[in-house]
2 protein chains.
Amino acid sequence: MVKELIKNNLCSACNLRSVFFARSYSGEKLCKNCFSDSIESKVKKTISKYKMFKFDDKIAVAVSGGKDSVSLLHILSKTQKNQPRSSLIAIIIDEGIQNYREEALEIAVSNCNKLKIDYKIVSFKNLYGLTLDEIISRRGENEKKSSCAFCGVFRRKAINYAARLVNADKIVTAHTLDDEVQTILLNIFHGDITRLSKGSPISEIVHPCFIQKVKPFCEILERESALYAYVKNIKFQDTPCPYSSEALRNDVRSMLNYMEEKHAGTKFTVFQTIKKIRPVLYQLNKKNSFGDCSNCGEPASLGLCKACEMLNRIK
Amino acid sequence: MVKELIKNNLCSACNLRSVFFARSYSGEKLCKNCFSDSIESKVKKTISKYKMFKFDDKIAVAVSGGKDSVSLLHILSKTQKNQPRSSLIAIIIDEGIQNYREEALEIAVSNCNKLKIDYKIVSFKNLYGLTLDEIISRRGENEKKSSCAFCGVFRRKAINYAARLVNADKIVTAHTLDDEVQTILLNIFHGDITRLSKGSPISEIVHPCFIQKVKPFCEILERESALYAYVKNIKFQDTPCPYSSEALRNDVRSMLNYMEEKHAGTKFTVFQTIKKIRPVLYQLNKKNSFGDCSNCGEPASLGLCKACEMLNRIK
């Protein structure tokens with residue numbers, strides 16, 4: 001009886017140390033070591049399954065200072081040690097959010113220093129002439145787009161710009177399985193088939209100026225990414241952004257967490273389902289080609305790129 | 001001020017009678033008369049948009065006795081009056097559920113009599129040799145399929161059988177927008193792309209024995225179908241089935257109701273999104289052809305049709 005109890009409390013991978021985490025969708029019960037090993041090995045498998053990197057890629061990791069991007073930076077600095085001709089660099093975007101972004105920047109930089117990884121900081125102020133604070137305060141009262149929608153457009157352009165600046169071959173973002181599945185459902189709820197057809201774990205290159213984006217965390221639950229940071233004693237910012245305002249995404253998040261709790265594996269199934277149908281959706285939408293923005297020369301689907309169009313509206 | 005108050009309380013369609021129902025996704029505020037007119041006219045539009053009927057169709061309406069099927073029967077008996085060469089007949093399936101189905105059957109029959117519509121009753125007992133009660137009690141303990149999954153297979157076969165028996169050209173089912181969207185999300189959560197690709201408001205005819213199924217309520221909210229029955233003083237059964245057991249569907253239902261309340265129009269957007277991508281999904285899955293069941297001769301995708309396969313397991 002006592003033996004049985006002790007046995008039940010032993011890690012199902014090493015059978016040595018006591019259980020720290022029970023993975024409900026697989027039935028595994030893991031100790032701290034085997035848990036973090038499992039995350040690292042899953043990231044490696046994801047990278048190889050989707051052929052995310054070439055052996056000599058210069059890889060730019062977009063690091064915000066939050067748990068996901070910092071955890072991923074730590075994992076990549078470990079796994080890429082076996083790829084001597086590949087190199088890592090961190091891209092840190094300073095959106096300009098007073099009393100919030102400074103801490104995240106400091107955390108991002110200190111993690112880079114600890115891991116001896118070079119970094120490049122690009123600020124909204126330098127790139128667009130305005131901080132996010134200024135952009136948000138200048139928005140008209142009739143502006144329907146949320147702060148997150150504004151920030152997202154400017155951040156995506158800044159990341160691509162920074163990655164070109166450092167001659168990167170790939171951009172890594174730390175989108176988790178949760179982010180991916182939330183976005184999938186949001187696109188369905190918004191009826192946005194074009195976006196549903198994009199968002200693959202490795203992006204299509206639709207313009208020579210776009211650097212390919214890959215998502216090595218796309219099959220990692222957000223919960224497990226946070227736990228990895230905790231187990232590895234990694235420093236990250238955990239205050240939420242003061243502009244965070246996506247009501248619908250928050251509802252979808254709660255709903256998916258509830259479904260995952262009651263029906264373990266739901267998030268992964270949704271991810272797999274859309275992965276299977278994405279190629280046909282992509283073919284359906286392929287007509288959307290990219291030209292050059294008439295203002296900044298960056299890729300644009302119409303005359304102006306989205307960032308320049310938004311800046312025009314604000315300025 | 002008082003004038004304003006009275007004006008605000010007047011139906012936005014007729015401007016005469018006081019408001020009974022506010023339709024949040026469209027902003028309409030309708031009196032009882034205009035509300036029920038709007039449902040009838042929406043059903044007519046749906047029928048014509050999807051080209052559900054030919055002018056001389058013999059239409060078999062599957063009537064369970066619940067609010068949706070009874071409301072739809074009333075609406076069709078009204079709208080089909082303009083189609084003198086078309087005819088209506090009700091199909092009533094007696095699954096054999098003691099202390100539950102008797103009441104529903106009586107209600108279904110009394111509605112048919114009131115509307116002077118012929119009906120045909122087909123029972124599980126006659127068709128399969130077993131009532132649903134008997135089928136459920138004989139299931140093995142290891143049976144993973146829910147009662148609803150069992151009943152669904154037998155009921156679909158019974159409806160198609162009954163429709164052939166009365167020489168119907170079309171089968172009408174009263175699936176509402178809620179049913180459709182719940183099924184869409186369930187198929188995504190189950191990763192079932194084949195089912196996602198089917199379920200169009202008018203079914204594909206994949207075998208000569210299958211009678212085409214159409215869903216004139218596919219764009220009507222369940223809530224409005226219930227309200228229609230209430231306004232029109234239609235008798236229906238409102239006790240839930242004692243076997244009702246679809247935990248996941250209930251979760252999806254609550255979640256969608258919550259989303260619809262917070263973001264009016266969500267259900268319709270999901271419906272439209274999947275409608276747009278269904279044709280490409282269908283092409284992807286077209287290889288699934290139908291042969292004949294080696295036991296009963298009805299359509300089957302493998303050797304036995306699903307109903308015969310389930311009966312074999314039970315008997």
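Both B:Arg101 and B:Glu95 are buried, where buried means under 20% relative accessible area, exposed means over 50%, and partly exposed lies in between, with a 1.4 Å probe and protein chains only. The side chains of these two residues, B:Arg101 and B:Glu95, meet in a salt bridge at 2.2 Å, N to O. The term salt bridge refers here to a side-chain nitrogen of Lys or Arg within 4 Å of a carboxyl oxygen of Asp or Glu. Salt bridges that share partners also join A:Arg23, A:Glu28 and A:Glu224 into one network.

Before I continue, a word on conventions. This is a predicted model, in which local features need pLDDT of at least 70, side-chain atom pairs count only at pLDDT 80 or more, and totals for chains, interfaces and linings use all residues. Residues are numbered from 1 along each chain as its sequence is written, chains are lettered from A and ligands numbered from 1 in the order in which they are written, and side-chain values use heavy atoms, with hydrogens and water left out.

On confidence, the model scores ipTM 0.83 and pTM 0.88. Chain A averages a pLDDT of 92, and 97% of its residues score at least 70; pLDDT is the predictor's confidence in each residue, from 0 to 100.

Let me return to the charged pairs. Side chains of opposite charge can pair when their charged atoms come close. How many salt bridges does a search of the whole structure find over all chains? The search finds 30. One of the pairs in chain A is formed by the side chains of A:Glu309 and A:Arg313, with 3.0 Å from N to O. Both A:Glu309 and A:Arg313 belong to helix 13 of chain A, residues 306-314, and they stand 4 residues apart, about one turn of the helix. Helices are DSSP runs of H or I with at least four residues, strands are runs of E with at least two, and both are numbered from the N terminus. A:Glu309 is partly exposed because its relative accessible area is 35%, and A:Arg313 is partly exposed at 41%. In chain B, a salt bridge joins the side chains of B:Lys67 and B:Asp68 at 3.4 Å, N to O. B:Asp68 is buried, with a relative accessible area of 12%.

Which residues form a positive surface patch? The patch consists of A:Lys145, A:Arg155, A:Arg156, A:Arg195, A:Lys198 and A:Lys306. Patches are made of residues with over 30% relative accessible area and no salt bridge, like charges being joined within 9 Å and nonpolar side chains (Val, Leu, Ile, Met, Phe, Trp, Tyr) within 5 Å. Lys and Arg count as positive and Asp and Glu as negative, while His and the chain ends are not counted. The place of a charge is taken as NZ of Lys, CZ of Arg, CG of Asp or CD of Glu. Accessible areas come from the Shrake-Rupley method with a 1.4 Å probe, and for residues only the protein chains shown count as cover.

Two backbone angles in chain B deserve mention. Phi of B:Asn15 is near 60°, a positive value in a residue other than glycine. B:Asn15 sits in the loop between helix 1 (2-8) and strand 1 (21-22) of chain B and is exposed, at 51% relative accessible area. For B:Lys51, phi is near 45°, again positive in a residue other than glycine. The loop between helix 2 (32-49) and strand 3 (58-62) of chain B holds B:Lys51, which is exposed at 69%.

Finally, some C-alpha separations. B:Ala158, in helix 7 of chain B, residues 147-165, is buried because its relative accessibility is 0%. B:Ala158 and B:Ala307 are 149 residues apart in sequence and 9.7 Å apart in space. B:Ile97 is found in the loop between strand 4 (87-94) and helix 4 (101-115) of chain B and is buried at 4%. What separates the C-alpha atoms of B:Ile97 and B:Ala226, 129 residues apart along the chain? The separation is 23 Å. In chain A, A:Lys125 lies in helix 5, residues 124-128, and counts as partly exposed at 40%. The C-alpha atoms of A:Lys125 and A:Asp94, 31 residues apart along the chain, are separated by 8.3 Å.
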